[in-house]
Amino acid sequence: MKRLVEVIAKALVTNPDEVNVIEKQDGDVLVLELHVAEKDMGKVIGKGGRIAKAIRAVVKAASTKEDKKVVVEIADEKS
C-alpha cells in the first residue's frame, strides 16, 4: 500500500523527491501518512478535496482485496 500511495503522489506533485509515506500500525488499522512539500499540498488535496478522496478510494479498493483496513492521512513536510 505504501508504494501505491508514493507512486500516485509523485505523479501529482512538482517536487517528487519530497514525497514521503510513513506506515504506522494502529491496532488492526494501517495508517499511511503522506508527506509532501508545502507548495504541493493543493495538488495532492485538489479542489474540494477531490484528489485526496480519489487517492483514498484507490487505496481502499486495493486494501479490500487484501482484507485490510487502511487510512491515508495527508500532511506537509513540516508536520
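**Close-up 1. Pairing of strand 2 with strand 3 in the predicted model.** In this predicted model, V29 stands opposite K69, a residue of strand 3. The pairing to which these residues belong is parallel, with 8 bridges between strand 2 and strand 3.

**Close-up 2. The hairpin formed by strand 1 and strand 2.** Within strand 2, V31 has K24 standing opposite. The hairpin has 2 residues between its strands, and G27, which lies in the turn, has a positive phi of about 70 degrees.

**Close-up 3. Burial along strand 2.** Strand 2 spans residues 29–36 and is mostly covered, since 8 of its 8 residues are buried. In a regular strand, side chains alternate between the two faces of the sheet. Here V29, V31, E33 and H35 point one way from strand 2, whereas L30, L32, L34 and V36 point the other way, and all of these residues are buried.

**Close-up 4. E6 in helix 1.** The residue shown, E6, has its place in helix 1. With a relative accessible area of 16%, E6 counts as buried, because the cut-off for that term is under 20%. When neighbours within four places in sequence are left aside, the residues in contact with E6 are V19 and V21.

**Close-up 5. The buried face of helix 3 and the elements it packs against.** Helix 3, made up of the 16 residues 50–65, reaches 23 Å from its first C-alpha to its last, which is close to the 22 Å expected at 1.5 Å a residue. The buried residues in helix 3 are A52, I55, V59 and S63. Seen down the axis of helix 3, these buried residues fall within an arc of 70 degrees, and they therefore line one face of the helix. The packing partners of the buried residues of helix 3 are helix 1 (2–12), helix 2 (41–45) and strand 3 (69–76).

**Close-up 6. The exposed face of helix 3 and the residue that follows.** Turned away from the buried side of helix 3 is a face that carries the exposed residues R50, K53, K60, A61, T64 and K65. Just after helix 3 comes D67, whose phi is positive, at about 60 degrees.

Terms used. Residues are numbered from 1 along each chain as its sequence is written. This is a predicted model: local features need pLDDT of at least 70, side-chain atom pairs count only at pLDDT 80 or more; totals for chains, interfaces and linings use all residues. Side-chain values use heavy atoms; hydrogens and water are left out. Helices (H or I, at least four residues) and strands (E, at least two) are DSSP runs, numbered from the N terminus. The expected span of a helix is 1.5 Å times one less than its number of residues. Buried means under 20% relative accessible area, exposed over 50%, partly exposed in between (1.4 Å probe, protein chains only). The arc is that of the directions from the helix axis to the C-beta atoms. Contact means heavy atoms within 4.5 Å. Two strands pair if DSSP finds at least two bridges between them.
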